[in-house]
Amino acid sequence: MNCKRIIFITLLLIILPVSRPGLTLLAQAVPGKEENIPFLVTFGKDAETSWGYDDFRQIFFFTIPREYTGQFYIRVFDPDVGGEHDEIRGDFDTRTFFGVYGGKGVDPDVNQQSRGLNKGDNYREGTLLASRVFGNEARYDNKWFSFGPFNPTAGDFNGKWNSYIFKMVVEGLSGDDGNLYRFFMSREAESNLPVEGGNAFTYKYTFRMWNDFKSVAHIYPYVDSGVVWIKQRNFDWDNDGYIVVVSRYKQGISLSVSGENDWEEDRIPIEAPEIGSSLDFQFHKAQGALVKNNNVVVTLESQRGDALPFFSSPIGGVPVYNPKITVRKAPKPK
Ligand SMILES: [Ca+2]
Ligand SMILES: [Ca+2]
Ligand SMILES: [Ca+2]
């Protein structure tokens with residue numbers, strides 16, 4: 001490699017991360033790198049809700065920047081329910097649907113039902129591009145399965161993000177076990193090669209905590225203009241430690257935490273400087289007796305009742321806060 005080429009690549013590495021405000025380069029792992037979350041969780045529809053789930057589905061949106069013209073794949077790690085990683089009840093007898101949607105009806109800014117937050121919502125709206133139902137299948141255990149290739153223009157174009165949007169619907173069709181899995185949006189079928197500037201988001205985050213006292217999980221909602229306060233709701237935290245919200249302007253607000261099979265909520269004020277940036281919701285595990293295999297569900301909505309998206313790669317980056325966190329109690333919603 002000659003000297004000019006080395007200088008060129010060095011410059012490229014310096015310039016690229018700042019050339020796309022709000023979007024980062026390596027943003028396609030879901031859960032994201034900064035979130036420190038091992039797995040997403042979806043239970044079969046015959047499961048008890050106290051196992052951490054209340055609607056037996058998870059919906060994620062993937063964004064492909066308009067400038068990207070190549071094909072891409074959405075890869076799923078451990079899509080089966082069996083063998084490693086998954087949560088067994090009795091026998092492994094759960095079937096999980098994974099479906100990738102594009103076209104009109106997908107964009108959740110245009111079609112709110114696409115978010116799948118309310119009972120009766122037609123969250124499968126859009127064109128089904130690829131799907132598969134996974135059961136207890138050793139050939140997909142602890143392995144990646146790739147959906148695609150997809151052409152970016154098969155997505156639903158969103159002007160605000162200047163991106164094509166695709167939707168992944170995961171649904172526990174039958175059985176009572178928990179399917180643990182994660183995603184990666186990749187340029188290749190057989191390896192994880194990120195699409196520059198891509199991202200992913202959801203409006204209802206259902207995830208698994210690490211079985212580790214020291215581990216802190218993070219999720220990063222984006223606060224859009226017009227938000228004055230938000231209502232947070234968390235489900236089935238099993239009273240495992242504490243949840244705080246941190247931002248550039250919040251040193252730490254302690255939230256009400258849910259017990260087993262129970263929702264808790266708070267109202268969190270939003271300050272003007274927080275608009276157009278991300279909040280950092282931190283999930284700190286209880287010290288002492290380890291709460292094992294803890295699955296938790298989190299949703300947020302603004303004072304207008306509009307749900308806030310959680311991005312796998314935080315928009316504007318991880319908010320920087322003062323490490324000496326002072327904790328105060330969030331007021332109850334009125
Ligand atoms: Ca497995
Ligand atoms: Ca079972
Ligand atoms: Ca699995």
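Asn142 sits in the loop between β6 (127-134) and β7. The model described here is a predicted one. Although Asn142 is not a glycine, its phi is positive, at about 60°. Is Asn142 buried or exposed? With 11 other C-beta atoms within 10 Å, Asn142 counts as exposed, because the cut-off for that class is 12 or fewer.

Strand β7 covers residues 144-150, and Pro149 is found in it.

Pro31 belongs to the loop between β1 (29-30) and β2 (39-43). Asn36 is placed in the loop between β1 and β2 as well. For a residue other than glycine, Asn36 has a positive phi, near 55°.

Leaving aside residues up to four places away in sequence, Phe60 touches Val30, along with Met168, Phe183, Ala200 and Thr202. Phe60 and Met168 both turn up among the residues with the most contacts inside the largest nonpolar core, together with Phe62, Ile74, Phe166 and Val296. This core has 73 residues. Which strand gives the most to this core? The answer is β9 (residues 163-174), with six residues. Domain 1 (23-204) and domain 2 (209-334) both supply residues to the core, so the core lies between them. In soluble globular proteins, nonpolar side chains tend to be buried together.

Seen as a whole, the chain has one helix and 23 strands. It runs to 334 residues, of which 45% count as buried. Among contacts with a separation of 6 or more, 81% are between residues 24 or more positions apart.

Arg248 is in the loop between β16 (242-246) and β17 (253-254). Which residues does Arg248 touch, not counting those up to four places away in sequence? They are Pro273, Glu274, Ser277, Pro319, Val320 and Tyr321. The C-alpha atom of Arg248 is also 9.1 Å from that of Asp280, and these two residues are 32 residues apart along the chain. Arg248 has 17 C-beta neighbours inside 10 Å and therefore counts as partly exposed.

Ala272, for its part, is located in the loop between β18 (263-269) and β19 (277-278). A separation of 8.8 Å is found between the C-alpha atoms of Ala272 and Ser225, which are 47 residues apart along the chain. Why does Ala272 count as exposed? Only the cut-off is needed to settle this: 12 or fewer other C-beta atoms within 10 Å make a residue exposed, and Ala272 has 9.

Note on methods: Residues are numbered from 1 along each chain as its sequence is written. Chains are lettered from A and ligands numbered from 1 in the order in which they are written. This is a predicted model: local features need pLDDT of at least 70, side-chain atom pairs count only at pLDDT 80 or more; totals for chains, interfaces and linings use all residues. Helices (H or I, at least four residues) and strands (E, at least two) are DSSP runs, numbered from the N terminus. A residue is buried if 20 or more other C-beta atoms lie within 10 Å of its own, exposed if 12 or fewer, and partly exposed in between; C-beta atoms are placed from the backbone. Two residues are in contact if their C-beta atoms, placed from the backbone, lie within 7 Å. A nonpolar core is a set of buried Ala, Val, Leu, Ile, Met, Phe, Trp, Tyr and Cys residues joined through C-beta atoms within 7 Å. Domain bounds come from an automatic or database domain assignment.
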